[in-house]
Amino acid sequence: MAFDVGTPILEVPVAEGPSDQHMVLNMGPQHPSTHGVLRLVLEIDGEIVVRLYPEIGYLHTGIEKTCEAKFYQQVVPLTDRVDYLSPMANNLCYCLAVERLLDLEIPEKAQWIRVLLSELTRLNSHLVWLGTHAMDIGALTVFLYTFREREDILRIFEMVSGQRMMTSYFRIGGLSMEPPLDFFDRVRSFISTFPEKIDEYSNLLTGNPIFANRLKGVGYLSAADAVALAVTGPPMRASGIDFDLRRDMPYSSYEKFDFKVPVSTDGDCWARYRLRFEEMRESVKIIEQALAGMPEGPVKANAPKIVLPDREQMKTQMESLIHHFKIVTEGFAVPAGEVYQGIESPRGQMGYYVVSDGTAKPYRVHMRNPTYATLQSLETMCKGRMLADVVAVVGSIDIVLGEIDR
Amino acid sequence: MTTHKTQITLPDKSSVLEAFPDHPALKAILAWKPEALTDARFDRGELTITIAQDDIRAAAATVQSAGYNAFQDVTAVDWYPSTPRFQLSYHIVSHSLKELIRLRVLVDEADPSVESITPVWPGANYYEREVFDLFGIRFEGHPNLRRIMMPDDWQGHPLRKDYPVEGYR
């Protein structure tokens, strides 16, 4: 089989011969503030960034290719690994896409639990962001506080799914199983104390002049640039674009919840920092509403050829056993077609594009991950600024290299 | 099995144009260049507009001025061994209309190349590089068409369907 090598490099953007005042500096891929294996090639004039070029792909594992070799239900655990800080968001997005391909209706209780856990995921992700962002800037203490609450959230995840991080709790057709009996009480007790904890983080950082000076006015992104560069989520809303998929193109019953979408027009790191705090408070409200109005009923769709039967049924009923055997060994055929499902993940708009050719394996799965697009705006935000600001800006866009490289 | 058949399917251009005579994206493309709109399909609540291969950059600019302002992503599907082999899917959201459309371009296997839409949306930069890297489709007019995921000296394009998934390379 012959492969073409591809076109030669058309243009090399950095290091094509900087003038003798300029220096090319590699930041990463092992730099502690790059949140993984991000390599930034910087052209600097003294301490001023002239050009910046992110070099990615160090974590490329070919997840999209792997998906093509799996049955539809076997792809769910792979989606956990795309963004390891918000696994439930990836599970949800993939499941919603396949459910739309199947035209499958999900019971209301499952939808509400999905909303509840998605918002807990948002808190989880924002807590990691807050801790590491503050740590990059030099405020080490906050990290210990945020990870204390994150641990509680991870214990809740472990309670429902048996796993702390790679949850795979959302399945095609609903949830993998009923949540345990005291699950809602556990969430309730966590969420009743959480607003105080948000104030605690805010007290540690917001009034701190050193922290504020490192963020205020740094990494400015205009609204026009944000849209042109496909920036989504908190960085886009901090630049003044009022758009949130949860409110504007609702999925999974989000239209039944009452919440505000925080927007700021400042467009700098400080605005992004403040905005994520507001988002955490709104998430708490959504979780409270979900707990108060949790509907009764099953958590799996009534589709025995797609959804695995309960263990008890499978052990006692011949028909369930056959369905179980068929799903595990042959998968289930999905009608041909293509679907792009977008959701509002903690980092921005996440989209799964699933193409089916009518067989039991997806023909193509493409993941549109928010920080992959946001990374393109890094040069706009850092150009002409000090080298130390790059660290603040990278922290403020909340990157996860797992989802950038996939 | 419980399903909800609320979504209609409109399989071809004439039925889509009949059902959505006032759709802003369709209207804008028809007003600009009717022959650029080669096909359309409405399925599972999503409108797919097939654009002639040479017209994609201008079509992107047209839907952008029609209110579809937020580019989401571009990716490819390899329909090997059928022809035309590649399908490019552009997903674009409108912040004001709160709606998603998909532009679709079919690309032949021999010398696969289309016009880049990076001049229209700078945010398409990385996505086009990714398609170039993993599918080997070139984007004319892209400012920096290099591999992005794989090493620069890599041979072949891994997401193509005829790329070997096991054995020695």
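What share of the contacts in chain B with a separation of 6 or more comes from residues 24 or more positions apart? In this predicted model, such residues account for 54% of those contacts. Chain B contains 4 helices and 7 strands, arranged along the sequence in the order α-α-β-β-α-β-β-β-β-α-β. Its radius of gyration is 17 Å, close to the 15 Å that the globule rule gives for 169 residues, so chain B is as compact as a globular protein of that length. The C-alpha trace of chain B extends over about 50 × 45 × 25 Å along its principal axes. Of the 169 residues in chain B, 44% are buried.

Strand β6(A), residues 337-345, pairs with β7(A) in the antiparallel sense through 9 bridges, and a hairpin of 2 residues connects β6(A) to β7(A). Within this pairing, Tyr340(A) has Tyr353(A) of β7(A) as its bridge partner. Strand β7(A) also pairs with β8(A), residues 364-368, again in the antiparallel sense, over 5 bridges. Here Val354(A) lies opposite Val365(A) of β8(A).

A separate site in chain A is Asn302(A), located in the loop between α11 (269-292) and α12 (311-316). With 15 other C-beta atoms within 10 Å, Asn302(A) is partly exposed. The C-alpha atom of Asn302(A) is 9.7 Å from that of Gly174(A), although 128 residues separate the two along the chain.

Methods: Residues are numbered from 1 along each chain as its sequence is written. Chains are lettered from A and ligands numbered from 1 in the order in which they are written. This is a predicted model: local features need pLDDT of at least 70, side-chain atom pairs count only at pLDDT 80 or more; totals for chains, interfaces and linings use all residues. Two strands pair if DSSP finds at least two bridges between them. A residue is buried if 20 or more other C-beta atoms lie within 10 Å of its own, exposed if 12 or fewer, and partly exposed in between; C-beta atoms are placed from the backbone. The radius of gyration is taken over C-alpha atoms; the globule rule is 2.2 Å times the number of residues to the power 0.38. Two residues are in contact if their C-beta atoms, placed from the backbone, lie within 7 Å.
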